[in-house]
Amino acid sequence: ACGTSMKRTHELRACATLPSTPSTHVRDQRVVPVDWKQEQSPRCFGRWQVTSLIAICCQRWTVRRVHCRSGRPANPDSQCLVLGLDGVLCASAEEASIAACRAAYVLWPQVMKNAQEMTLNEAGVRQSWVDYDWEQLLEHRSSKLSPAPPWLLYKVQQLRPACRAEWELIVFARLCVEEAIACRANRAKGRAGARPLTVGEIESNWSESCGLRDLLLARWVPNIKDLQEAMADSRRQSSCSLLEETKFFGEVLELVHLAVASGAVEESVHCITSRDQLSAVQSLQMSGECIEDLSSPPDHQGSWAGKDGWKLHSNLGTVEEKVAAVHSIPSRGYGENLVIVDDSVAFLQACAAELNFGGAQLCLATWGYVSHGHWADGRSRLPRVKELQTAADLAAIIDFTPDH
């Protein structure tokens, strides 16, 4: 028996040195015999096993090579980072309000033209929006980019924390004008105390079950896709001018870049957004210019310190679509290595309800457009969600300490 075993071992070793023959070929990393009727002799069986082992080793070597392109081995403890584009990386409220008002004037020109006739008192504006400088409400520095009067641009901008996706700002624009029209009509009837809904009242009644959002959508635009396309068209028509109004959270961008370069987080940083793809790509490309002293600024889907860089998930018009996008991200399980950072309480609440995200770290970026009313109501029900005040708090979450 011992002699037979040694003879078998010598046959296997001999097969490993044989040249490849037409009897087998590699397809999708698997070895498939071409002639299934071929006699399965001990020698042929050994060649099949050895070739399979070689194919598996090559596959593993290829995967390792992909993860080691930067010259350092892949860090098994690196974090998989998922960030909201608007409100976490990009301060886009002003740009979004301009685009939304432009889209509203295209969709409902007869209604929106009444905005020019409304007084500030009828519109329900507040001096606190402009640091109590009433003159700023008479002239918005971006008025040349939109037919909307300054008061409407400011009011829509104040409503940004209430929405879950930026296309909802289009509905806000019409609602503000409709409320001003109703206020003028009521006062003409002798109702001196008539006033439009305040920003706080709209926010608190917007996303509740059968709230203002659903009622107004059913009345004005039943198809959400129409609003998304209108927002995208508005941005495309004046993309260069609107990009100039876009601002970024530079400290957060710099932290993410340094963390990727050091291997503290995975080389693919996932960005989720309700924006259209073109607008989102332009914003990510422009974000690299806001980071100082970087030899290789990050680029969308491009070279980023030898890494993959941004991975964009755009056109996510609802909370459910955002959650599905996170589900689609390849990950080594959904443990603590998955870090989700966003400024939407509703989105983080939906993530907390997912069993697959049971070990993920959920973080609320309070430097963004957080609805403080919704956060106050839901904080007690979301003990897993951590508040992040600054970029330093994010660095602590991903366990990374910048050199400077």
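This is a predicted model: local features need pLDDT of at least 70, side-chain atom pairs count only at pLDDT 80 or more; totals for chains, interfaces and linings use all residues.
1. Overall make-up. The chain has 404 residues, and 48% of them count as buried. Its secondary structure amounts to 17 helices and 10 strands.

2. Contacts and surface. Taking contacts between residues at least 6 apart in sequence, 70% join residues at least 24 apart.

3. On helix pairs in general. Two packed helices are described by the angle between their axes and the distance between the axes.

4. Helices α6 and α7. Helix α6 covers residues 150–158 and helix α7 covers residues 168–188. Their axes come within 10 Å and cross at roughly 125°. An angle over 145 degrees would count as roughly antiparallel and one of 65 to 115 as roughly perpendicular; α6 and α7 are therefore oblique to each other. The crossing of the two is right-handed.

5. What meets between α6 and α7. From α6, the residues in contact are W151, L152, K155 and V156. They meet L169, F172, A173, C176, V177 and A180 of α7. Sorted by class, this contact has 9 nonpolar residues, no polar ones and 1 charged residue.

6. F172 lies in helix α7. Is F172 buried or exposed? Its relative accessibility is 0%, and the cut-off for buried is under 20%, so F172 counts as buried. Leaving aside neighbours within four places in sequence, F172 touches V156, L159, A162, C163, I202 and W206. Of these, V156 is a residue of α6 that takes part in the contact with α7. I202 is 30 residues from F172 in sequence, and the C-alpha atoms of the two are 9.0 Å apart in space.

7. Helices α3 and α10. Helix α3 spans residues 93–107, and helix α10 spans residues 224–237. The axes come within 8 Å and cross at roughly 110°. That angle falls in the range of 65 to 115 degrees, so α3 and α10 are roughly perpendicular to each other. Here too the handedness can be stated: the crossing of α3 and α10 is right-handed.

8. What meets between α3 and α10. On the α3 side are E95, A96, A99, A100, R102, A103 and L107. On the α10 side are L227, A230, M231, S234, R235 and Q237. The residues of this contact divide into 8 nonpolar, 2 polar and 3 charged.

9. Helices α14 and α15. Helix α14 runs over residues 319–327, and helix α15 over residues 345–352. The two pack at an angle of about 50°, with their axes 10 Å apart. Angles under 35 degrees count as roughly parallel, and α14 and α15 are therefore oblique to each other. Their crossing is right-handed.

10. What meets between α14 and α15. V319, K322, V323 and V326 of α14 are in contact with A346, F347, A350 and C351 of α15. By class there are 7 nonpolar residues, no polar ones and 1 charged residue.

11. Positive phi at N315. Most residues other than glycine have a negative phi. N315 is not a glycine, yet its phi is positive, at about 60°. N315 sits in the loop between β7 (309–313) and α14. Its relative accessibility is 39%, so N315 counts as partly exposed.

12. Positive phi at D399. Another non-glycine residue with a positive phi is D399, at about 55°. D399 belongs to the segment after α17 (391–397). How accessible is D399? With a relative accessible area of 67%, D399 is exposed.

13. M286. This residue is placed in helix α13, which covers residues 277–287. M286 has a relative accessible area of 22%, so M286 is partly exposed; the cut-off for buried is under 20%. Which residues does M286 contact, leaving aside neighbours within four places in sequence? They are L243, T246 and F248. L243 and M286 are 43 residues apart along the chain, and their C-alpha atoms are separated by 8.2 Å.

Methods:
Residues are numbered from 1 along each chain as its sequence is written. Side-chain values use heavy atoms; hydrogens and water are left out. Helices (H or I, at least four residues) and strands (E, at least two) are DSSP runs, numbered from the N terminus. Buried means under 20% relative accessible area, exposed over 50%, partly exposed in between (1.4 Å probe, protein chains only). Contact means heavy atoms within 4.5 Å. Axes are lines fitted to C-alpha atoms, for helices over the stretch in contact, and angles run from 0 to 180 degrees between N-to-C directions. A crossing is left-handed if the near helix is turned anticlockwise from the far one by less than a right angle, and right-handed if clockwise. Ala, Val, Leu, Ile, Met, Phe, Trp, Tyr, Cys and Pro count as nonpolar, Asp, Glu, Lys and Arg as charged, and the others, Gly among them, as polar.
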